[in-house]
Amino acid sequence: SGFNSIGHMDTMLRGRHHIGHYKEGEEFIQNVFHVLFLLFSGKEKSNLSFCWLQYEISKVVQCLQAKNKKKLKAQGRKSKKLAKNLLKAPDNRNYLSLWKLYAYLEWLLGNIDDARKVFDTALSTAGTEGLKSPQLCSLSLLYAQLEAELLESIEGAVMSRAVHILTKLAESGPYVPYSGQVLSVNVLKARKTYEHALQDYLSKTPVSVQKLISDANQLVNLVGCYALFQYLTVGIDAAILIYAQTSEKLEATGPQTFENTGENFGIQNFPTALEAVTVLHINLLRFHMKTSVYPLNPLREALTEALKRYPSNQSLWRSYIHIQRKSHSASKARRFFDGVTRSTNSLEPWLFAIQAEQMRKKLTEHVQRADVGEIHSTIPETGLTNRIVALFEHAVQSENGTHCPLLWRMYLNFLV
């Protein structure tokens with residue numbers, strides 16, 4: 001056809017269909033992976049396998065969002081075949097991160113029992129390092145999070161599979177699959193272990209840059225596991241307390257860590273740990289609000305604080321837009337967007353401000369065009385249209401916006 005988009009642009013709607021993965025673009029990407037695969041070996045090859053499987057999972061997620069069952073089935077088969085082939089490679093057999101993705105893929109496809117088997121197998125073969133192993137922590141955290149999402153409510157969660165996983169992780173012994181109950185004495189021991197491990201991590205000064213990066217990752221996984229454990233065994237306030245203590249400590253230690261060596265490694269890596277901890281905190285609050293009655297204010301305050309600090313974090317913006325959709329007053333959100341766009345060069349605040357207004361416009365039109373017998377109300381909503389055009393104009397005039405193809409495409413698309 002001479003011209004085709006590579007990859008996908010899920011922000012654009014063409015008629016009723018999302019612009020998905022084009023055949024030619026998809027072939028190109030697959031060829032790139034196949035060619036690169038022959039050039040790498042060892043650790044690099046494992047990392048490439050990880051990226052490839054992540055990309056396959058993104059396509060499965062897209063099918064789930066589009067609610068296309070037929071396509072999901074076909075995509076699921078392809079992705080599982082690839083995952084199994086990647087795991088057969090000798091280098092990848094003990095690569096926990098890849099096992100984690102494979103189990104997650106099975107879970108997304110709705111094969112919960114198969115996913116549990118994969119998780120249990122990976123945990124059983126992972127050794128007994130417990131909280132000292134970043135991969136093991138990361139694997140257990142995802143498993144426990146997925147299991148927690150299946151719980152109807154937090155009542156009686158102490159006996160759940162999620163608590164079993166987190167308790168076993170703290171014990172640093174061989175993993176035993178869940179048998180239906182968790183001993184309260186083990187829960188108490190695990191709580192003590194988590195508490196000491198977190199204190200140790202927060203009080204130690206890393207020796208080298210490499211160590212700092214791996215410590216930062218490990219700290220995030222540890223905080224995630226401990227907070228989720230507290231949430232399921234004690235309650236939401238206990239979990240929030242851990243996030244608060246960790247953030248406070250990270251803010252205090254961030255930049256000064258390496259001042260005496262004349263380099264600012266602390267500044268580069270601790271904010272990433274702090275940002276990741278913040279995202280975990282926000283996600284837990286959102287999850288809790290889905291399952292229980294809880295005020296919106298703590299979440300809204302935590303989000304506005306976090307976004308002022310990390311204006312380019314897409315996950316936080318998505319959460320912000322999600323909670324703003326529920327409120328009928330747009331002025332507060334508009335003022336906030338306005339404040340953030342003035343104080344940062346990142347493009348994300350502009351893109352999400354535009355998206356929020358477009359959602360509002362769609363909602364208004366949907367309400368106005370409600371079918372009332374033969375009469376259709378066709379009053380155009382010009383106020384919102386003008387506001388969206390003004391946002392686009394400002395965004396494309398900003399330094400980063402001028403060079404952003406996505407922004408120009410969205411603008412053209414909107415005008416059409």
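## Overall make-up

The protein has 18 helices and 2 strands, where helices (H or I, at least four residues) and strands (E, at least two) are DSSP runs numbered from the N terminus. This is a predicted model, in which local features need pLDDT of at least 70 and side-chain atom pairs count only at pLDDT 80 or more, while totals for chains, interfaces and linings use all residues. Residues are numbered from 1 along each chain as its sequence is written, and side-chain values use heavy atoms, with hydrogens and water left out.

Of the 416 residues, 44% count as buried, that is, under 20% relative accessible area, with exposed meaning over 50% and partly exposed in between (1.4 Å probe, protein chains only).

## A tilted ring pair

The structure holds 15 aromatic pairs, a pair being rings of Phe, Tyr and Trp (its six-membered ring) whose centres lie within 6.5 Å, with planes under 30 degrees apart counted as stacked, over 60 as edge-to-face and the rest as tilted. The planes of Y194 and F229 stand at 40° with the ring centres 5.3 Å apart, so this pair is tilted. Because Y194 lies in helix 8 (residues 184–203) and F229 in helix 9 (residues 209–233), the pair ties together parts that are 35 residues apart in sequence. Y194 is buried at 0% relative accessibility, and F229 is buried with a relative accessible area of 0%.

Y320 and F337 form an edge-to-face pair, 5.7 Å centre to centre with 85° between the planes. This pair links helix 13 (residues 314–324), which holds Y320, to helix 14 (residues 331–343), which holds F337, across 17 residues.
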